[in-house]
Amino acid sequence: MEHDFWHQKWSEGRIGFHQPEVNAYLVSYWERLCLAGGDKVFVPLCGKSKDMLWLRDRGHDVLGVELNPSACLDFFAESGLVAETGDAVKFISHRCENLNLICGDFFALSKESLADVKGVYDRAALVALPKDMRADYANKLIELLPKGVKILLVTLEFDRPQGPPFSVSGEEVNSLFEPRFKVKRLGGAVDGDRQEVVWLLSD
Ligand SMILES: C[S@@+](CC[C@H](N)C(=O)[O-])C[C@H]1O[C@@H](n2cnc3c(N)ncnc32)[C@H](O)[C@@H]1O
């Protein structure tokens, strides 16, 4: 997906992916990662998701990356949190206590920036990308993430070729991540014409 595609969605307010409430799978399954309160959690392609607030309220140090500047500003305006904004290499950082939302391209992240991450939460990130980009995304995550990290991943399966969101099969999740992670299906549910699936990826 080109950057302009996402910028246009945000500027036109076509953000049906944004959930008004914290994601129910996050609440149900997060404890399966067995992380400690202060552990750092990475939220790729985070939009202005309220899930980051939930993770922060659990005591985690949250690092989100989002391409669109308005999404980052909206996150702080809507949450009531006050950010200090500053330049980081290739990114603009919006930081408050225990939360750093960096605005820029996920694919430009460096290994150093994620060196102390212990957990990752992916809801609507992998499934937001077309097939060739999903491979690039998984490879980049694998390159960036330190040993011992655990990932909670939510995918969707349905019969529609166009996206986003894109349908991602269990076979694809395995083939993208199994070289590095043990892949375990934790649960999921049918929602209308689509199957939602929750995965735990761990070393
Ligand atoms: C489908 S939305 C999901 C947002 C969020 N995870 C949620 O649950 O609401 C995908 C988000 O990824 C952002 N995005 C797309 N490509 C990106 C990239 N290369 N780097 C950082 N963010 C990106 C888009 O602007 C959009 O906000």
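Okay, let's start with the second largest pocket: 18 residues line it, and the ones nearest its centre are Leu63, Arg95, Asn100, Ile102 and Ser113. Keep in mind that this is a predicted model. The space in that second largest pocket comes to about 270 Å³. Three strands, β2, β4 (91-96) and β5 (99-103), each give at least two residues to its lining. Sort that lining by class and you get 10 nonpolar, four polar and four charged residues.

Now for the largest pocket, with a volume of about 930 Å³. Its lining has 47 residues, and Trp6, Phe17, Arg123, Ala124 and Ala128 sit nearest the centre. Which element gives the largest share of that lining? That's α1, with four residues. Others supplying at least two residues each include α2 (24-29), β6 (117-123) and β9 (194-202). By class, the lining of the largest pocket splits into 26 nonpolar, eight polar and 13 charged residues.

Last stop, a pair of helices. Helix α5 (residues 131-144) packs against helix α6 (residues 170-177) at an angle of about 40 degrees, and their axes are 9 Å apart. Why do we call α5 oblique to α6? Because that angle of about 40 degrees makes it so. The crossing of the two helices is right-handed. On the α5 side, Lys131, Arg134, Ala135, Ala138, Leu141 and Ile142 meet Glu172, Leu176 and Phe177 from α6. That contact has six nonpolar and three charged residues, with no polar ones.

Conventions: Residues are numbered from 1 along each chain as its sequence is written. This is a predicted model: local features need pLDDT of at least 70, side-chain atom pairs count only at pLDDT 80 or more; totals for chains, interfaces and linings use all residues. Side-chain values use heavy atoms; hydrogens and water are left out. On a 1 Å grid over the protein atoms alone, a cavity is a set of points where a 1.4 Å probe fits but cannot get out, and a pocket is an open set with protein on both sides within 12 Å along at least five of seven lines; lining residues have an atom within 4 Å of a point. Grid points are joined across faces, edges and corners, and a volume is the space filled by probe spheres set on the points. Ala, Val, Leu, Ile, Met, Phe, Trp, Tyr, Cys and Pro count as nonpolar, Asp, Glu, Lys and Arg as charged, and the others, Gly among them, as polar. Axes are lines fitted to C-alpha atoms, for helices over the stretch in contact, and angles run from 0 to 180 degrees between N-to-C directions. Angles under 35 degrees count as roughly parallel, over 145 as roughly antiparallel, 65 to 115 as roughly perpendicular and the rest as oblique. A crossing is left-handed if the near helix is turned anticlockwise from the far one by less than a right angle, and right-handed if clockwise. Contact means heavy atoms within 4.5 Å.
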